Amino acid sequence: MIPVLHLFPRLNSSLIDLLTGLSPVQWNSPTVCRQWLVKDIAAHLLDTALRRVSSGRDNHFGAAPEIGSYSGLVDFLNELNAEWVRAYKRVSPEVLVKQLSIAQDDFYEYLLTVDLKEPAPYPVSWAGEEESSQWFDIAREYTERWHHQQQIRQAVGAGSILNRELYFPFLQISMLALPFHYSTQTAPEGTTIKINIVGEAGGSWVISRTEKSWEFSSTDAEANNQVYIDQNIAWMLFSKGIDIYEAQQYWQISGNYQLGFHALKMRAFMV
């Protein structure tokens, strides 16, 4: 279990403080989330908070089609997100910030009532789970809100949230995707891969090949293969915010290049 619920108030307040001080030009700045401007990302964060409070607290669910595949789910969510963002283009930044402040508080208060060990309403599919615990669902929500805020900060030239208190939990949660991500890669039993995020907020994670799957191992384990990623671009790699080759000066691989390179393709979000 990775505890992050206590970090939501700080993350939420830092976002409202940031948005309150933006100029009209900054609100319309492009972001690494290529189809969205800063205002669009803020609108998306409002949408997801309202949806989660509506479904979790109020047991209200919108109509949804039958979805039979992961790609079908991604397409449905992408259209759902785009529909909201298009509608909010007619809403002023001032109204948006006020609504977002209220929605974030309501969402946090709802999360405080959740039993962290109970099954979550939605599985964390990017980690290969068909059923997830509530703590993992909350952790996913944390990574969603962390990386969207960081996208806004990058776009407007504001201070980043790459400090250890807020960024290291993001990395810990994202790395839970590693064993599932490597499930398509074959290697002799005992092969180990160590992923090192280099920087003040970074850390190391090791997975080993067993007879049937990849599993986490102790970070003290000797690794046959190592990947080094600068913390400044790790979050963008995991969220498809930067091309792997564009970021080539910020990562390095030792050992089996193919196995190591596969780590750079890992996504800790539904894309």
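This is a predicted model: local features need pLDDT of at least 70, side-chain atom pairs count only at pLDDT 80 or more; totals for chains, interfaces and linings use all residues.
Student: How many charged residues are in the contact of α1 with α5?

Tutor: On the α1 side the contact is made by F8, P9, N12, L15, I16, L19 and T20, and on the α5 side by V97, L100, S101, Q104, Y108 and L111. Divided by class, these residues give 9 nonpolar and 4 polar, and the number of charged residues is none.

Student: How are α3 and α6 oriented to each other, roughly parallel or roughly antiparallel?

Tutor: Helix α3 (residues 38–56) packs with helix α6 (residues 134–156) at an angle of about 165 degrees, and their axes are 9 Å apart. Since angles over 145 degrees count in that class, α3 and α6 are therefore roughly antiparallel.

Student: Which residues of α6 make the contact with α3, and how many charged residues does the contact have?

Tutor: From α3 come V38, I41, A42, H44, L45, T48, A49 and R52, while α6 brings D137, E141, E144, R145, H148, Q151, I152, A155 and V156. By class, the contact of α3 with α6 has 8 nonpolar and 4 polar residues, and the number of charged residues is 5.

Student: Is Q151 buried or exposed?

Tutor: Q151 is placed in helix α6, and, not counting residues up to four places away in sequence, Q151 touches T31, V32, C33, I41 and W235. Its relative accessible area is 3%, and a value under 20% counts as buried. Q151 is therefore buried.

Student: What is the relative accessible area of W36, and where does W36 lie?

Tutor: W36 lies in the loop between α2 (24–27) and α3. Leaving aside residues up to four places away in sequence, W36 touches P30, T31, I41, H44, N81, V85 and H148. W36 is buried, with a relative accessible area of 9%.

Student: What separates the C-alpha atoms of W36 and W146?

Tutor: Along the chain, W36 and W146 are 110 residues apart.

Student: How does R57 count by its relative accessibility?

Tutor: R57 is found in the loop between α3 and α4 (70–87), where R57 touches R52, D106 and Y110, not counting residues up to four places away in sequence. The relative accessibility of R57 is 47%, and values between 20% and 50% fall in the middle class. R57 therefore counts as partly exposed.

Student: How do α7 and α9 lie to each other, and which residues of α9 does α7 meet?

Tutor: Helix α7 (residues 164–174) and helix α9 (residues 231–238) pack at an angle of about 45 degrees, with axes 11 Å apart, and α7 and α9 are therefore oblique to each other. The crossing in which α7 passes α9 is left-handed. Y167, F170, L171 and S174 in α7 meet these residues of α9: Q231, A234, W235 and F238.

Notes:
Residues are numbered from 1 along each chain as its sequence is written. Side-chain values use heavy atoms; hydrogens and water are left out. Axes are lines fitted to C-alpha atoms, for helices over the stretch in contact, and angles run from 0 to 180 degrees between N-to-C directions. Helices (H or I, at least four residues) and strands (E, at least two) are DSSP runs, numbered from the N terminus. Angles under 35 degrees count as roughly parallel, over 145 as roughly antiparallel, 65 to 115 as roughly perpendicular and the rest as oblique. Contact means heavy atoms within 4.5 Å. Ala, Val, Leu, Ile, Met, Phe, Trp, Tyr, Cys and Pro count as nonpolar, Asp, Glu, Lys and Arg as charged, and the others, Gly among them, as polar. Buried means under 20% relative accessible area, exposed over 50%, partly exposed in between (1.4 Å probe, protein chains only). A crossing is left-handed if the near helix is turned anticlockwise from the far one by less than a right angle, and right-handed if clockwise.
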